[in-house]
Amino acid sequence: MTINSIFLMLVTGLQLGAIYALIATGLTLIFGTLGVVNFAHGALYLIAAYAAVVVSNELGFGLAIVLVPIILFVVGIAMERGLIQFFYRRPHTDQILVTFGLAIVVEELMRWIFGANNIPFALPAWGSGQVLFYGLGAVVPEAIPGLRIPMPFVNGFVFFPAWRLLLIIVTMLTIVALFAMLQFTRFGLVVRAGMRDPEMLRFLGVNVTQRFAIVFGLGALIAGIAGVFGGPVTQVSPPVGMALLVPSFLVVVIGGMGSMFGALLAALLIGMSLSFTTGFAAAAGDPLLKDILTALQQIVIYLVAVVVLLIRPRGLFGKKGVFE
Amino acid sequence: MSEVTERSALGGKVAGIGVRLPTLLTRRDLVVLVVFAIAVLTMPTWLVALGGYEALATKIVIWAIFALGFDILLGLTGYLSFGHAAFFGTAAYVTGLSLKHLSADILPAMALSFVVVLVVALALGVLTLRRSGIYFAILTLAFAEMAHALVLSSTLQKWTGGDNGLTGLASPSLFGSRLSDHSVFYICSALLIAGYVFARVLRRSPLGLMLRSIKENQMRLEYTGVNVFAYKMAAFVVSAMYAGLAGSLMVIYEPYVATKYLYWSTSGEVVIMSVIGGVGTLIGPIFGAGFMLYFENVVQAFIGEQWKLLLGIIFVAIVIFLPGGFADLGRLGWKAMGGVVRSRRHNVPDMPGSVEEDRRRRQRGDLEEDDD
């Protein structure tokens, strides 16, 4: 286990965690304010990924980056106004059932339109290739193309796919922007107040309903960003939505339902545990150990969830009393 | 509620009939059961008339067992599980492994899967039942997916067959003679009828009353000193056993274990069946299972692969407009014709949390969470 492979595992962990973080943030935002667990959030990701493929094929990738989140924002608002709003007064189970049904409808719709197989998502020229990290005193041959980033403790130099690095950066920017919005704007203040006590907010004369529609749109918008940048990494095929939704749910549960910061930390935890078990399994020499680690890699996110929930039932940063 | 308690507590002689019947079975029940049994046993005949095929009847019966058990958890107890594939799939794999490596006889296979599912259900129950509502749904979904991931993992591939599923099973036999398609159907039907009787008795029994109280107001029940967790676990395990039985029968019906038996879509299908048919009615989910499989196999012939899309739309429409499922359609029709219907609470109410949860919430000073 060299320093370089550990470094790569760290970056890979960040990248794996990034997609979960984006989806889980949207889920948390919607759950925290509206109290709805959106089983259709993976479907929103799916719509975003397919929209990104279509838009980037027709109009170029640059426009996809701008258009897809906007499309998803509109889809989110339409979904909240057209369907979800009628379920605020219905039992939680009904909310789960209707969003689950919606997820199936979207998945099947995509299967019908685009076929059951993975469709290729070509990266733009500026985003393909590798990024090179080089350590102190490393001699990098001039012939190697691509971006070069100094990284003091790396021994010699290592490569990492440029797109995946971009995904990490975009995720960080998105989350910083979201936190800034929640913390420093008037709208954010209302949303945070709504997460604490929606009834009181209504008494104070704030139009909660209208703002909540926007919150749902925002959650969808973040799924849109995840779809554009994550699509090339995850695959673009009908089952992807649900495949991403389950770990994202776990992220929300591990972090503590309704806690934004907890979700981020949990996403990081899950990403790292995935990348490290994969890394160690690949490096293991003993076949039995390799077998065990490979199996562990498949279930490690669930094991993390079990451990966290046994020790701390409300999740890492769950609010006291909420779903404890 | 008190009426039910008295009836089950008194037992013995049932008014109006001169014979002593088992405490929990009235004459009306007997009529219902006879009609039910005839409907099930003659299914291969009338299903063909409706455009199906004989073997479809077996499949419907198996899924009906699954959905019936699911209703004990969702309909009676009010817990929405998204992970029942874990039991269905585990039983299917254990049965498959037993048929492949141990013996072609179905009895050891079924006994073995019974034991394994029991253990799995107890373990998952301990992990998930401490939560209710949303939390429970998410956790059951997650742990079922864990089982799926584990079976597909390269480590277990040598035993489970990985992505290909478990193939090359011996054709199932009973007491040394090979089972024909017909006998499989009658075995499954007998188990469905027995399962239906059991579920009806369970619903009316003191245990069933407890389960319904958990659904109505878990917290109040806890305040009376009842060990709610034990009852929840009982419902969870019974429901899991039905799912396991169905999974086991599925492999006996078709000696091949598909990986999708453990996949979330299987959990989703049983949820859809139950909701379409009518949660909490016992007969509703059975009807839902029949509807869905008929839809899958017969309607698919007309509209092709889009049947799933159409089914999804039907499901969403039912959740929105008819939360009581098809069972409610019958009630509404009866009412429209001037009949009298007892009011029944639609679908599953929100479960109030545990006493502990409430105490903490009071400390925080906000009680609005439970208002709807």
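Mentor: Start with burial: a residue is buried if 20 or more other C-beta atoms lie within 10 Å of its own, exposed if 12 or fewer, and partly exposed in between, with C-beta atoms placed from the backbone. The model is predicted, so local features need pLDDT of at least 70 and side-chain atom pairs pLDDT 80 or more, while totals for chains, interfaces and linings use all residues. Residues are numbered from 1 along each chain as its sequence is written, and chains are lettered from A and ligands numbered from 1 in the order in which they are written.

Trainee: Is L282(B) buried or exposed?

Mentor: L282(B) lies in the loop between α12 (264–277) and α13 (283–303) of chain B. Helices (H or I, at least four residues) and strands (E, at least two) are DSSP runs, numbered from the N terminus. Phi of L282(B) is near 65°, positive in a residue other than glycine. It has 22 C-beta neighbours inside 10 Å, so L282(B) is buried.

Trainee: How are α6(B) and α7(B) oriented to each other?

Mentor: The axes of α6 (residues 106–128) and α7 (residues 133–152) of chain B come within 10 Å and cross at roughly 140°. Axes are lines fitted to C-alpha atoms, for helices over the stretch in contact, and angles run from 0 to 180 degrees between N-to-C directions. Under 35 degrees counts as roughly parallel, over 145 as roughly antiparallel, 65 to 115 as roughly perpendicular and the rest as oblique. α6(B) and α7(B) are therefore oblique.

Trainee: In β2(A), which residue is the bridge partner of Y134(A)?

Mentor: Strands pair if DSSP finds at least two bridges between them. β1 (residues 130–134) of chain A pairs antiparallel with β3 (residues 157–161) of chain A over 5 bridges, where L132(A) stands opposite F159(A). β1(A) also runs parallel to β2 (residues 148–150) of chain A, joined by 3 bridges. There, the partner of Y134(A) is P150(A).

Trainee: Which element gives the most to the side of chain B that touches chain A?

Mentor: Contact means C-beta atoms, placed from the backbone, within 7 Å. The contact takes 43 residues from chain B and 38 from chain A. α7, α12, α14 (307–321) and α16 (355–364) of chain B each give two or more residues to the chain B side. With 12 residues, the top contributor is α7(B).

Key. Two residues are in contact if their C-beta atoms, placed from the backbone, lie within 7 Å.
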